[in-house]
Amino acid sequence: MTTTTISELKPAGTPLRTERPVPRWANLTAHAIPLLLLPQCLWRLPFAFHFEMGLNVEGEMPSSPWVSIPYVFGLSVLTEGLALLCFGLVRGWGEVAPSWLPVIGGKHLAPRVVITIATIGGLCATVFWAPTLLSWFGAFGLEPAEYANDWWGMLAKVCITPGMLWGPLVLVLTYAYYVRRCRPNGS
């Protein structure tokens, strides 16, 4: 009697299967990215309803809920959606485009295209968050946001800080993708 493992039952073109094995740390990192961004997305939601979370704001937020609610919720959904794209660096759909996509569906993705897009995304996320991090340390004359008290400031930092890892983690995943796809034997 022969035994068949579950991995043998998956056809090679499934979305989870990759041409070369993905390191466990890379898979865990891809799973961690959306979770690291979740606190800041949740922290941002009260702003849609004009609750400033202790932030001292000089100007008023948009007065219309028809503007603020879709903007804040849309920003949170967009943030998490972009974070979920990191799975493409550790899944088969980052190597072969899913068949349901128009034009490129079912075609092999050139590693340089995926690497270029992911690198640009990682660098953009890093550059986006750098001023906030630098302002917390008062570097380059940047002033941090002011809060009604230290508790609100601490809550903001606890919620925002994990998201600052997004860019660097995408760059690390991109390098792992490069090693796996472009180097012989993944070395």
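Student: What makes up the accessible surface of the protein?

Tutor: The accessible surface comes to about 12100 Å², and 70% of it belongs to carbon and sulfur atoms; such areas come from the Shrake-Rupley method with a 1.4 Å probe, and for residues only the protein chains shown count as cover. This is a predicted model, in which local features need pLDDT of at least 70 and side-chain atom pairs count only at pLDDT 80 or more, while totals for chains, interfaces and linings use all residues. Residues are numbered from 1 along each chain as its sequence is written, and side-chain values use heavy atoms, with hydrogens and water left out.

Student: How do you know what confidence the predictor has in the protein?

Tutor: By pLDDT, which is the predictor's confidence in each residue, from 0 to 100: the mean for the protein is 87, and 87% of its residues reach 70 or more. Over residues 4-13, however, the pLDDT is below 50, and this stretch has seven contacts in the model beyond near neighbours in sequence, where contact means heavy atoms within 4.5 Å. Where pLDDT is low, the predicted coordinates should not be read in detail.

Student: Why is Arg180 called buried?

Tutor: Arg180, which lies in helix α6 (residues 166-182), has a relative accessible area of 6%, and buried means under 20%, exposed over 50%, and partly exposed in between (1.4 Å probe, protein chains only), so Arg180 counts as buried. Leaving aside neighbours within four places in sequence, Arg180 is in contact with Thr18, Arg20, Pro21, Val22, Leu89, Val90 and Glu95.

Student: What makes the pair of Arg180 and Glu95 a polar contact?

Tutor: Their side chains come to 3.1 Å, and a polar contact is a pair of N or O atoms within 3.5 Å, where within protein one must be able to donate a hydrogen and the other to accept it, and residues adjacent in sequence count only if both atoms are side-chain atoms; the pair therefore counts as a polar contact.

Student: Is Thr18 buried or exposed?

Tutor: Thr18 lies in the loop between α1 (6-9) and α2, and because its relative accessibility is 15%, Thr18 counts as buried. Its side chain reaches the backbone oxygen of Arg20 at 2.5 Å, and, beyond four places in sequence, Thr18 is in contact with Val90, Arg91, Gly92, Glu95 and Arg180.

Student: Why is Phe49 called exposed?

Tutor: Phe49, in the loop between α2 (24-44) and α3 (65-84), has a relative accessible area of 52%, and therefore Phe49 is exposed. Even so, leaving aside neighbours within four places in sequence, Phe49 is in contact with Ile69 and Phe73; Phe49 and Ile69 are 20 residues apart in sequence and 6.8 Å apart in space, C-alpha to C-alpha.

Student: Why is Gly121 called partly exposed?

Tutor: Gly121 lies in helix α4, and because its relative accessible area is 35%, Gly121 is partly exposed. The C-alpha atoms of Gly121 and Gly167, 46 residues apart along the chain, are separated by 7.3 Å.

Student: Which residues touch the most other members of the largest nonpolar core?

Tutor: A nonpolar core is a set of buried Ala, Val, Leu, Ile, Met, Phe, Trp, Tyr and Cys residues joined through side-chain atoms within 4.5 Å, and of the 18 residues in the largest one, Ile33, Cys86, Leu89, Val90, Trp166 and Leu173 touch the most other members. Helices α2, α4 (111-136) and α6 each supply at least two residues of this core, and the largest share, five residues, comes from α6.

Student: How do you know that the span of α6 is close to the expected one?

Tutor: The expected span of a helix is 1.5 Å times one less than its number of residues, and α6, with 17 residues, reaches 24 Å from its first C-alpha to its last, close to the 24 Å expected. What covers the buried residues of α6 includes α2, α3 and α4.

Definitions and conventions:
Helix = DSSP H or I, 4+ residues; strand = E, 2+ residues; numbered from the N terminus.
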